[in-house]
Amino acid sequence: MPCTVITGAFWGDEGKGKIISYLALKDQPDLCVRTGSVNAAHTVWYKGNRYALHMVPATFICEKCRLLIGAGANVHVAKFLEEVELTNVKNRIGVDRQASIIEEKHSIQDKTSAHLKGIGTTGWGVGPAIEERVRRTAKLAKDIPELQPYLTDVAKEVNEAIDAGKTVILEGTQGFMLSLFHGTYPYVTGRDTSASAICSEAGVGPTRVDNVLIVFKAFITRVGGGPLPGELTKEEALKRGWFEKAAGTGRDRRSAPFNFEIAKKSAMINGATQAAVTKLDILYPQCKGARTYEQLPEEAKRFISEIERQTGVPVVLIGTGPDALDVIDRRKQQ
Ligand code: IMP
Ligand code: MG
């Protein structure tokens, strides 16, 4: 897997953090670039500890991995410094000089702008920060004294790593259906979230990518406003064990059954070559902790086959529990 893009298929919270942390342990990547911004929280469970990361790449649990934040990202300086301390990655994390900065004023604008009311944004200020960048008035990482020790040229580092045949992960954030271009506009985030945009934010051309790994969850969740086909009531979600709270904001997540039409569209526009399905154990409790495909009940196998049939993408990783290592890895068999 020399260069792999990890992208979310639905409205975020598909379990990208979990899949990326598994790859961090198994594939020992040399370098990972995180894109997007502080609005997305990637959850990593490792050795009994839970991390909800807003800035630091989820591969941090691989100790040799160089961690980078791309030029297209928006950096929340205080959150970045806090997480660098928490994960103890000071000596191996870098920020692109041209990444832009989210400031307190952006968060205030996000929470008080009338036009954003019904969208239910996370309130971190990502939309207003992007608006400021588009106006060409944003502060960049290179302008911030506290970021000086971390500044680097991410595009150069990542392209040189690819040239050298190193293992590289481009960490997408949020989900495809929140894409400013392809999602449920206007109930979307302030950027494109597709695999192409992840490459663009990191500074990697489309010919340099070997795999696009799309992450599906076994059911769908969404926070904030906007349509959600097949939405369940909270009572029904609780009954099925699908009810979740957002890792970042603590808000209730709305939920719905897996949707093959959305999965197909998402696989197509992301150009997915591989798929992961997380939380299969929530849909089929007998799957909990399974580490081989053979351990899955027939019903669960049929669900996985149906995803493969309809999207045309092989399901290579299956999440069966919260720990980074609760994964069925079918890559060797395919
Ligand atoms: P914003 O990205 O904070 O502007 O929020 C716009 C929409 O995207 C809202 O519906 C948010 O709930 C949603 N959103 C933003 N980031 C995430 C995420 O990481 N996971 C899930 N939903 C998100
Ligand atoms: Mg999340």
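Which residues is Phe-80 in contact with, leaving aside its neighbours within four places in sequence? I looked this up in a predicted model. I found Met-55, Ile-69, Val-75, Ile-93, Val-95, Leu-147 and Tyr-150.

**Cores.** I then turned to the nonpolar packing. The largest nonpolar core has 48 residues. Phe-80 is among those with the most contacts inside it, along with Phe-60, Val-75, Leu-147 and Leu-317. I noted the elements that give two or more residues to this core: H1, strand E4 (49-53), strand E5 (66-69), helix H2 (77-87), strand E7 (93-96), helix H4 (126-134), strand E11 (211-217) and strand E16 (315-319). H1 supplies the largest share, six residues.

**Magnesium ion.** Next I checked ligand 2. Its protein donors are Asp-13 (OD) and Ala-41 (O), at 2.2 to 2.5 Å. The two are 28 residues apart and link distant parts of the chain. I placed Asp-13 in the loop between strand E1 (3-8) and helix H1 (16-27). Ala-41 sits in the loop between strand E2 (31-34) and strand E3 (42-46). Asp-13 is partly exposed, at 23% relative accessibility. Ala-41 is buried, at 13%.

**Lys-279.** Last, I went to the loop between strand E15 (274-278) and helix H9 (280-283), where Lys-279 is found. Lys-279 counts as partly exposed, with 32% relative accessibility. Not counting residues up to four places away in sequence, Lys-279 touches Lys-217, Ala-218, Phe-219, Glu-244 and Gly-319. I also took the C-alpha to C-alpha distance from Lys-279 to Ile-318: 7.9 Å, across 39 residues in sequence.

Technical notes
Residues numbered from 1 in each chain as written. Chains lettered and ligands numbered in written order. Predicted model: local features only at pLDDT ≥ 70, side-chain atom pairs only at ≥ 80, totals over all residues. Heavy atoms only, no water. Donors = N, O, S within 2.8 Å, 3.2 Å for Na, K, Ca; no water. Helix = DSSP H or I, 4+ residues; strand = E, 2+ residues; numbered from the N terminus. Buried < 20%, exposed > 50% of the residue type's maximum accessible area, 1.4 Å probe, protein only. Contact = heavy atoms within 4.5 Å. Core = buried A, V, L, I, M, F, W, Y, C linked by side-chain atoms within 4.5 Å.
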